[in-house]
Amino acid sequence: MSFVLVQVIVGGLLLGAVYALFSSGLTLVWGMMNIVNFAHGDFVMLGMYVAFVVFTLFGVGPAAGAPIAMLLLATLGVVVYFALIRDIMKGPMLAQILGTFGLALLLRYSVFAWFGANFLTLPQDIVGGTLVFAGLRIEASRLLAGIVALLVTLGLHLLLTRTTLGSKMLAVAEDATAAQLMGIRPDSMQAIAWAIAAGATGLAGALIATFFYIVPTVGETLGIVAFVTVSLGGFGSVPGALIAGLLIGVIESLSGYLIGAVYQDIVVYALFVSFLWFRPQGLMGKM
Amino acid sequence: MRRLLWPLLLLALVIVYPLVLSTPFEQRLGALVLLYAIAASSWNIVGGYAGQVSVGHVVFFGCGAYAAMGAYAHFGLSPLVGLPAGIVLAVTIAAVIGVPTLRLSGHYFSMATIAVAELIRLVVTNTSYLGAAVGLSGPPVPRNVFDVSFISALPYYYLFLVILAITLLITWWMANSRMGFYLRAIKDSERAARSLGVPASRAKLHAYMLSAGLTSVAGALYAMMFGFVDPESGLGILISVKMLIMAALGGAGLLFGPLVGAAILVPLEELSNSLLGGQGAGLTFVVYGAIIVLIARFQPGGILTLANRLWEKRAKPRNVGASAAGASHAS
């Protein structure tokens, strides 16, 4: 294997870890409430803009931007849950799709109206320069994003499987009425799930803001990436999202390197469509 | 006779509108309302009646638009020649992507339609035969009336009115045929419909193909009126979104729902664009997004469902039996 290829794969893995982080948020609410958040990618976009604003106002990098973005987005998640999701969950399918889709437009174009359509970037050396490991050149910002994302995703998995809170959330996902009879409030658990899901997107957004282009419509592409990851990894599964996220990061980087950056998105979309078409039973459970 | 009174009154109003409000802005606005009503009514067949929320209908819109402009750009023919070609293309694409996509239910169907539409947009953006990112243009100067290129919006207005009437007639005919009952049954519960012997896959596919063909007509008309098509105006996801929310705002699955939605949203968009200039484009979609969220949260049935309910309530004391039947039909 050529040396450049290894470099590309490592880059893909690091980006894939970030994909896994925000996709695990989507898979959590999807698996728990059977609702698809079409605004998920736009939450990531908001996280990126929070990091950008924090930098322009205070001149500090992701060390401050990431926690602030996470907290702000988590708050937004709870607000969205109580103001919108709780009611449309019981409504018809059209209302569910319209509700989160409308939210996506609202967020995307509010940012558009405020910041304009220009591509924004953070200074390249905001985290540090380029590191060299055994001849591999890796930007510090990507390394930081990949490692933090990986650790947080694993932490999320542990939270869901090893703690009382996680068990309560899974109980609500299994059967909300039965959970309620056991003294667990489905409302609170679902609100917490939304806080975690949105917080993860905020963190992921702030992390990739250090090396990604920042633009209001970036949420659309990232949203599709999250859908691909979740449909590949199985909905409701954080480890599945992790593996799928890493895989997609690598596939995207490789196709960008081998057939051109323009076709990078095309490959991801085509992957998604073919997966939906040829393995729908894997998505919908038993049908 | 009383049932016909309101539609006839509405029809008369629509016919005289551009003669009474005759400034170019008002005529253009009227034409755009009708154009979007055609597109949203076409979407309504599969999204409203059959309950399959397609967010990728712009693909069929783009088929019509690109076929109409392609007929001129590549062969020097009238864009009208491209219209039937666009319909054939759209129906074929609908059949090909419909078979695997319509098997998906609910959210998965919507997501797959978004992905297919974005995929096609990206491919077209990188295809030089289709003008890549620049798109294709129609005749700069109309050679004859068959180029369907007019300075005034008035001819477009009446052309769109006729096409809208045809679209609504087809929809009405479909809704009252066996097919319409199949689709409503599928919308309520596909599993129940199947177990009662409804050929669900076939009914959905036929509705999808019919809807695709009609949507491509809207796309061709759009390209003829504006004289060009590019990936953003012919295949952008926002066009799909507009069809969807116009139908949903007016009342998805109701014959006149999309027209009501278009009559509210198109003037809103045009006004905000003309008041705010280029800056307005973003704010328009902020308003769009807010409206969609509010409909979904408070009135998923749309404005016409609400109006029908208020109407039934008023009519109730006089005619209990009829209103009960009407209410169950509207819900």
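This is a predicted model: local features need pLDDT of at least 70, side-chain atom pairs count only at pLDDT 80 or more; totals for chains, interfaces and linings use all residues.

Q: What is the mean pLDDT of chain A?
A: Chain A has a mean pLDDT of 87, and 97% of its residues reach 70 or more.

Q: Where in chain A does pLDDT stay under 50?
A: That happens over residues 282-287 of chain A. For this stretch the model has seven contacts beyond four places in sequence.

Q: And what about chain B?
A: The mean pLDDT of chain B is 87, with 93% of its residues at 70 or more. The pLDDT is below 50 over residues 320-331 of chain B, a stretch with seven contacts in the model beyond near neighbours in sequence.

Q: Changing topic: at what angle do α9 and α11 of chain A cross?
A: Helix α9 (residues 218-233) of chain A and helix α11 (residues 263-278) of chain A cross at roughly 40 degrees, and their axes come within 10 Å. Because of that angle, α9(A) is oblique to α11(A). The crossing of α9(A) with α11(A) is left-handed.

Q: Which residues make that contact?
A: On α9(A), the residues include A:Ile224, A:Val228 and A:Leu232. On α11(A), they include A:Val268, A:Phe272 and A:Phe275. By class, the contact of α9(A) with α11(A) has 11 nonpolar, two polar and one charged residues.

Q: Why would residues a few places apart point the same way?
A: An α-helix has 3.6 residues a turn, so residues three or four places apart point the same way.

Q: How does α2(A) pack with α9(A)?
A: Helix α2 (residues 40-58) of chain A packs with α9(A) at an angle of about 125 degrees, and their axes are 7 Å apart. This angle is why α2(A) counts as oblique to α9(A).

Q: How far does α10(A) reach, and what follows it?
A: Helix α10 (residues 238-259) of chain A has 22 residues and reaches 31 Å from its first C-alpha to its last, close to the 32 Å expected. After α10(A) comes A:Gly260, whose phi is positive, near 115 degrees.

Q: Last topic: how many residues does each chain give to the contact between chains A and B?
A: The contact takes 35 residues from chain A and 35 residues from chain B. On the side of chain B that touches chain A, α5 (107-125), α11 (237-250) and α13 (280-298) of chain B each supply at least two residues.

Q: Which of these gives the most?
A: That is α13(B), with 12 residues. By class, the side of chain B that touches chain A has 24 nonpolar, eight polar and three charged residues.

Note on methods: Residues are numbered from 1 along each chain as its sequence is written. Chains are lettered from A and ligands numbered from 1 in the order in which they are written. Helices (H or I, at least four residues) and strands (E, at least two) are DSSP runs, numbered from the N terminus. The expected span of a helix is 1.5 Å times one less than its number of residues. Two residues are in contact if their C-beta atoms, placed from the backbone, lie within 7 Å. Ala, Val, Leu, Ile, Met, Phe, Trp, Tyr, Cys and Pro count as nonpolar, Asp, Glu, Lys and Arg as charged, and the others, Gly among them, as polar. pLDDT is the predictor's confidence in each residue, from 0 to 100. Axes are lines fitted to C-alpha atoms, for helices over the stretch in contact, and angles run from 0 to 180 degrees between N-to-C directions. Angles under 35 degrees count as roughly parallel, over 145 as roughly antiparallel, 65 to 115 as roughly perpendicular and the rest as oblique. A crossing is left-handed if the near helix is turned anticlockwise from the far one by less than a right angle, and right-handed if clockwise.
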